[in-house]
Amino acid sequence: MADQGDQYPTEKMYPAPAPPPYFQGAMPMQQYPPMPSFAESPPMQPLATAPPPPPVTFQPVQTPVIIPRVHEPVVIDCPHCRAKITTSVRYGIGMMVHLFAVVLCFFGCWPCCLIPYCLDPCKDTTHECPACGRHLSVVKRL
Ligand SMILES: [Zn+2]
């Protein structure tokens with residue numbers, strides 16, 4: 001009787017009791033999945049180390065040119081023809097034009113809903129190179 005009284009307080013000292021044995025048997029925590037990375041990768045390295053490939057020299061011709069997000073012609077170096085040019089801008093119908101048209105239709109301005117399609121300040125701007133004629137950038141309104 002005195003031994004049971006001594007053992008009972010010692011069990012309460014453990015903060016987290018161990019799970020029962022049947023719980024451990026239900027969860028196979030000890031089984032680790034096989035690692036296929038080692039099994040599938042054959043040793044590709046030959047015994048004699050191959051010489052490193054010669055460094056390939058790329059000509060830095062395709063340097064990205066950051067065109068400022070403006071809707072007016074800007075002076076840049078064309079990334080295609082390497083000329084210092086002032087971009088030629090074209091205006092195209094974008095989301096802003098459609099949005100204005102929908103808003104005008106929503107408020108009942110039926111004849112006026114086509115006005116944004118004629119206004120360049122509502123349109124997207126396409127920058128092109130006047131020398132080589134290539135597309136450079138599109139600045140969207142929306
Ligand atoms: Zn160009």
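## Overall make-up

Among contacts in the protein between residues at least 6 apart in sequence, what percentage join residues at least 24 apart? The figure is 52%. It comes, like every value in this report, from a predicted model.

The protein contains four helices and five strands. Along the sequence these elements follow the pattern α-α-α-β-β-β-α-β-β. Of the 142 residues in the protein, 6% are buried.

## The sheet

Strands β3, β4 and β5 form an open sheet, in that order, with antiparallel pairing. Its edge strands, β3 and β5, each pair on one side only. On average, and with direction ignored, neighbouring strands of this sheet are turned by 25° against each other.

Strand β3 covers residues 88–92 and is joined to β4 by five bridges, the two strands running antiparallel. Within this pair, G92 of the protein stands opposite D124 in β4. On the other pairing, β4 and strand β5 (residues 135–139) are linked in the antiparallel sense over four bridges. Here T125 stands opposite V139 in β5.

## Strand β4 and its hairpin

Together with β5, strand β4 forms a hairpin that has six residues between the two strands. In the turn, G133 has a positive phi of about 75°.

## Residue E128

Is E128 buried or partly exposed? E128 counts as partly exposed because it has 18 C-beta neighbours inside 10 Å, while a buried residue needs 20 or more.

Leaving aside neighbours within four places in sequence, E128 is in contact with T87, S88, R90, G133, R134, H135 and L136. Among them, G133 is the turn residue with the positive phi. E128 and P73 are 55 residues apart in sequence, yet their C-alpha atoms are 9.2 Å apart in space.

## Residue R82

R82 sits in the loop between β1 (75–77) and β2 (84–86). Its phi is near 60°, a positive value in a residue other than glycine. Most residues other than glycine have a negative phi.

R82 has 12 C-beta neighbours inside 10 Å and therefore counts as exposed. The cut-off for that class is 12 or fewer.

## The annotated transmembrane region

An unreviewed UniProt entry carries the annotation "transmembrane region" for residues 92–117. In the model, this span is 46% helix and 4% strand. Its end C-alpha atoms lie 9 Å apart. Residue G92, which stands opposite D124 in β4, is included in the range that the UniProt entry gives, residues 92–117.

Note on methods. Residues numbered from 1 in each chain as written. Predicted model: local features only at pLDDT ≥ 70, side-chain atom pairs only at ≥ 80, totals over all residues. Pairing = 2+ DSSP bridges. UniProt positions renumbered as here; feature names shortened; annotations may be inferred. Contact = placed C-beta atoms within 7 Å. Axes fitted to C-alpha atoms, helices over the stretch in contact; angles between N-to-C directions.
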